[in-house]
Amino acid sequence: MFRPRSDLPLEHDAANRFLPWLIVLIVYLAALALAGLMVLSTAASGWGRGLTDTLTVQIPPAASMASKDGVSDANSAPEARVDRALEVLRATPGVAQAKALSREELLALLEPWLGSGQFTEELSLPALIDVKLKAHSGVSLEGLAATLDAAVPGATIDDHKRWFGRLILLVRSVELIAGGIVLLVSLAAIATVIFVTRTGLAIHHDVIELLHVMGAHDAYIARQFQFQALDMGVRGGAIGFALAASTLLALGYLSARIEAMLLPSLELNASQWLALSALPFVVALISMITARVTVLRALAKLP
Amino acid sequence: MVRFQNVGMRYGLGPEILHDVSFELEPGSFHFLTGPSGAGKSTLLKLIYLASRPSHGLITLFDRDIALAERNELPALRRRIGVVFQEFRLLDHLSVMDNVALPLRVAGAKESDIRDNVAELLDWVGLSDHLQSRPATLSGGQKQRVAIARAVINRPHLLLADEPTGNVDDRIGIRLLYLIEELNKLGTTIIIATHNEALVSRFDHPEMHLSDGVLTIKRKSAQGMV
């Protein structure tokens, strides 16, 4: 396919017959690992966008709160405490929106865990205020927390950083593992091509020596190996990519039919598919360069 | 053309194969290189066609001191030398035409020129009916003629032949030598390594005799040997 006329019968070598199949496996694994990396990166940045500009203010039920002298706050009606908190929040520069969640909304949030009915109706629940910040607002969370606590004792702010930080740590760890797999797979490809090229050099030693004596430059001999490796790389890479694409499409189809809110979407976008489709060519290029360097290094030992 | 000054050669830590070999060949000369098996004939030829480096001594080829030549200069020097190997060393997976074309392709000649030149040369050696044959289907004499055609296709200044008649009977051997003699008349310098004394005696060319790695010159006529 990509191989010009050759003086060496490299295509008949046993090692060369296996090389495309090894590259199929290598490209398949690398494509899946890369796709995993892309899916996680997309999901992590999506989660980040959804959470970094939001806060949740939690106001505990009045009954559980008491003033410092042991007497209940005179204005401790839940609605009054929420109103005071809303006032503070809306007066804070950088806050775009502050909206208290209704009891119905709170119960709806709890329903997946506690169910519905009389029991939940009687629960003493904290009030929650959903706060949206302006982009790059620079709001000081410590200052806002202190102001809120002074106005509404016991009010706390959750900026989701703890939860989100752990999630991102997990995602980054998985990304690192996926990146490691891609690296290992690339090294395996290089090692395989070096092995196959060295085998070819040993098998065709007599012909190579003959070409050398005829006045062939090292590059002339190396070209025959490098185009063979390129040909094998492109063929194996194309099959490996086709198999990986089928697997990814099947996974995407299945994931779209599973209700899993927290699981990231397994579908890749167009630019990600484009990047992934470069993989067989990158592997073929690595194979070609590896073969060339291996041959040139071996030939440099000839007189 | 070729000058050896006190050239010695040993492989690794083994015994010395050639001892202080000195000679000079003039352009257009014809020499036989004789001696018993193991005397160092092939080693001497390998030094000339730059497949080995001497352990000591000075080799000058086409007025270039080999010891001082850069590695990337050597291919150009090698292309000025044609070699006929004892075991032919034809590539069985290539046709006769592609085997003979090999030195031209190595030198980067155009495909159109290659086809014309190879066909003409194979006609000259009497193998025009075998352009697409594989070497395995040829007789010993035919293989030897293909090997000679391959060695001379690039119009080398120097032709080295290692036992070119070793695998053919005397009748074909003599015909091959006449073929090589024709090349010599066209100006090519020739060295033929052989241990066939009877064959050497039929031609009036000087003889370089190797015995136990020591070279002596046997002149039959005043031809090019210094």
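Which residue of β9(B) does B:L33 stand opposite? The legends below, drawn from a predicted model, take up this question and several other close-up views.

**Figure 1. Strand β9 of chain B is joined to β3(B) and to β10(B).** B:L33 stands opposite B:M208, a residue of β9(B). Strand β3 of chain B covers residues 30–34 and β9 covers residues 207–211; three bridges join them, and the two run parallel. β9(B) is also joined by five bridges to β10 of chain B (residues 214–218), and this pair runs antiparallel. β9(B) and β10(B) make a hairpin in which two residues lie between the strands. In that turn, B:D212 has a positive phi of about 50 degrees.

**Figure 2. Four strands of chain A form an open, antiparallel sheet.** The order of the strands across the sheet is β2-β3-β1-β4. At its edges are β2 (95–100) and β4 (156–158) of chain A, each of which pairs on one side only. From one strand to the next, the twist averages 25 degrees. Strand β1 of chain A (residues 54–59) runs antiparallel to β4(A), and three bridges join the two. Here A:V57 stands opposite A:I157, which belongs to β4(A). For orientation, chain A has 10 helices and four strands, arranged along the sequence as α-β-α-β-α-α-β-α-β-α-α-α-α-α.

**Figure 3. The largest nonpolar core contains 104 residues.** The residues that touch the most other members of this core are A:V27, A:A31, A:A35 and B:L160. Helix α1 of chain A (residues 14–51) gives the most to the core, namely 14 residues. A:A31 is in contact with A:G240, A:F241, A:A244, A:L276 and A:L279, when its neighbours within four places in sequence are left aside. Apart from this core lies another, of 16 residues, including A:I59, A:V88, A:V131 and A:L133. In soluble globular proteins, nonpolar side chains tend to be buried together. In chain A, buried residues make up 29% of the 303 residues. Of the contacts in chain A with a separation of 6 or more, 85% are between residues 24 or more positions apart.

**Figure 4. Helix α3 of chain B is mostly covered.** This helix spans residues 96–106, and eight of its 11 residues are buried. The buried residues are B:V96, B:N99, B:V100, B:A101, B:L102, B:P103, B:L104 and B:V106. They pack against elements of both chains: α7 (205–213) and α8 (218–256) of chain A, and α4 (111–124) and α5 (140–152) of chain B. Just after α3(B) comes B:G108, whose phi is positive, at about 80 degrees.

**Figure 5. Domain 1 and domain 2 of chain B are in contact.** The domain assignment of chain B places residues 1–80 and 157–226 in domain 1, and residues 90–155 in domain 2. The C-alpha centres of these two domains lie 24 Å apart. Domain 1 of chain B supplies 10 residues to the contact, and domain 2 of chain B supplies nine. On the side of domain 1 that touches domain 2, helix α6 of chain B (residues 170–185) gives the most, with five residues. The residues on this side of domain 1 of chain B divide into eight nonpolar, one polar and one charged.

Note on methods: Residues are numbered from 1 along each chain as its sequence is written. Chains are lettered from A and ligands numbered from 1 in the order in which they are written. This is a predicted model: local features need pLDDT of at least 70, side-chain atom pairs count only at pLDDT 80 or more; totals for chains, interfaces and linings use all residues. A residue is buried if 20 or more other C-beta atoms lie within 10 Å of its own, exposed if 12 or fewer, and partly exposed in between; C-beta atoms are placed from the backbone. Two residues are in contact if their C-beta atoms, placed from the backbone, lie within 7 Å. Two strands pair if DSSP finds at least two bridges between them. Axes are lines fitted to C-alpha atoms, for helices over the stretch in contact, and angles run from 0 to 180 degrees between N-to-C directions. A nonpolar core is a set of buried Ala, Val, Leu, Ile, Met, Phe, Trp, Tyr and Cys residues joined through C-beta atoms within 7 Å. Domain bounds come from an automatic or database domain assignment. Ala, Val, Leu, Ile, Met, Phe, Trp, Tyr, Cys and Pro count as nonpolar, Asp, Glu, Lys and Arg as charged, and the others, Gly among them, as polar.
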